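Work through these exercises with the model open beside you. Try each task before reading its solution.

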Amino acid sequence: MKTFRIDRPDQTIKFALTDKIDNLTKPKGALGMLEELALQIGLIQQTLSPSLSHPHHILWAGDHGIATEGVSKSPKEVTWQQLSNFVHGGGGINFLCRQHRFKLVIVDAGVDHELPYECGIVNCSVGRGTKNFLYGPAMTDAERDLCVERGAAIVDESFEAGCNVISFGEMGVGNTSPSSIWMHLMTGIPLKECVGAGSGLTAEAVRRKYEILKKAVENYRGDRSAESYLSWFGGFEMNMAVGGMLRAAEHGMIILVDGFIMTNCLLAASKLYPNISDYAIFTHQSDESGHRLVLNALHAHPILRIGLRLGEGTGAVCAYPIVESAVRMINEMDTFTHASITKYF
């Protein structure tokens, strides 16, 4: 697999950042998470005056063989149909990217359909959907490695365009199933607590989904490494997201982590390179039942809890104004000394 160099941000500047934040014209800690975010972003960028530039949102799309087992309420063709919707600007992620000035990049990681690449979809396809991991590996190790490489290359393009804050989303019917298995295998949380309703399954359908995923885990014959889990259970779009996240951290970019699926991609990336967590901002806690648990396992504190469960990266882009406010706080608020205000705490 492609290798990355992801160093923990130098902590030397932390005292100066904390001092600057604490001496803004407010009681210490009064701006809550904005102060935490400003400190994190300052550490990532190694500056007392951080900035956000040219935000990009990468939406990875791929189909999953496990979807043939009925683990999703949505039919398989919804993957390519939604891509068409995104191209025409009609999706949830579209209006949010327009509102918050993100460049939207739509990537075919492995959709089982003839797509109109001339309409702006980036062709990084590794195949027409993964195999059904109920019976064997979803992909080969070579396919996994190609996903990681292609995901990294897409992020390189964003970085070269001046982007220093990037978010990721996904489209792929059935992808809460591999995410649930990754979560179970990489955290030790019981599988039943990792399996949820996805796009709207009934309680009985969730029970059936759990039984299918339980059987898939029982059939697993890999070496129990993170790399093996990526191959055996992952999706093409999920492994591209892992590669993209790793490259973004290597470039020192801010990574806005979306909901259940992207959080599990960050979990997988952290099993390969633990320092990636320093670059990750967890943007929201979705209504997918396992999301809170995997966030807890990552010691993550999401910005928003507003009942989102759409995917596509909508939560990441929706939370961006809070991140922007944190940067404005540290750059635009005056200090007690400069404003001639008595420090009142």
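**Exercise 1.** Which residues are buried in helix 6?

*Solution.* The model is predicted: local features need pLDDT of at least 70, side-chain atom pairs count only at pLDDT 80 or more, and totals for chains, interfaces and linings use all residues. Numbering starts from 1 along each chain as its sequence is written, and side-chain values use heavy atoms, with hydrogens and water left out.

- Take helices as DSSP runs (H or I, at least four residues), strands likewise (E, at least two), numbered from the N terminus.
- Apply the cut-off: buried means under 20% relative accessible area (1.4 Å probe, protein chains only).
- Read off T176, S177, P178, S179, S180, I181, W182, M183, H184, L185 and M186.
- That is 11 of the 12 residues of helix 6.
- Their cover includes helix 7 (191–194), helix 8 (203–218) and helix 11; contact means heavy atoms within 4.5 Å.

**Exercise 2.** Describe how helix 9 meets helix 11.

*Solution.* 

- The axes of helix 9 (226–233) and helix 11 (260–272) come within 9 Å and cross at roughly 145°.
- A226, E227 and L230 of helix 9 touch A268, K271 and L272 of helix 11.

**Exercise 3.** In what order do the six strands lie in the open sheet?

*Solution.* 

- Strands pair if DSSP finds at least two bridges between them.
- The order is 3-2-1-4-5-6, with parallel pairing.
- Strand 3 (122–123) and strand 6 (280–282) each have a single partner strand, so one side of each lacks a neighbour in the sheet.
- Strand 2 (103–110) joins strand 3 over two bridges.
- D108 has N123 in strand 3 as its bridge partner.

Note on methods:
Axes are lines fitted to C-alpha atoms, for helices over the stretch in contact, and angles run from 0 to 180 degrees between N-to-C directions. Buried means under 20% relative accessible area, exposed over 50%, partly exposed in between (1.4 Å probe, protein chains only).
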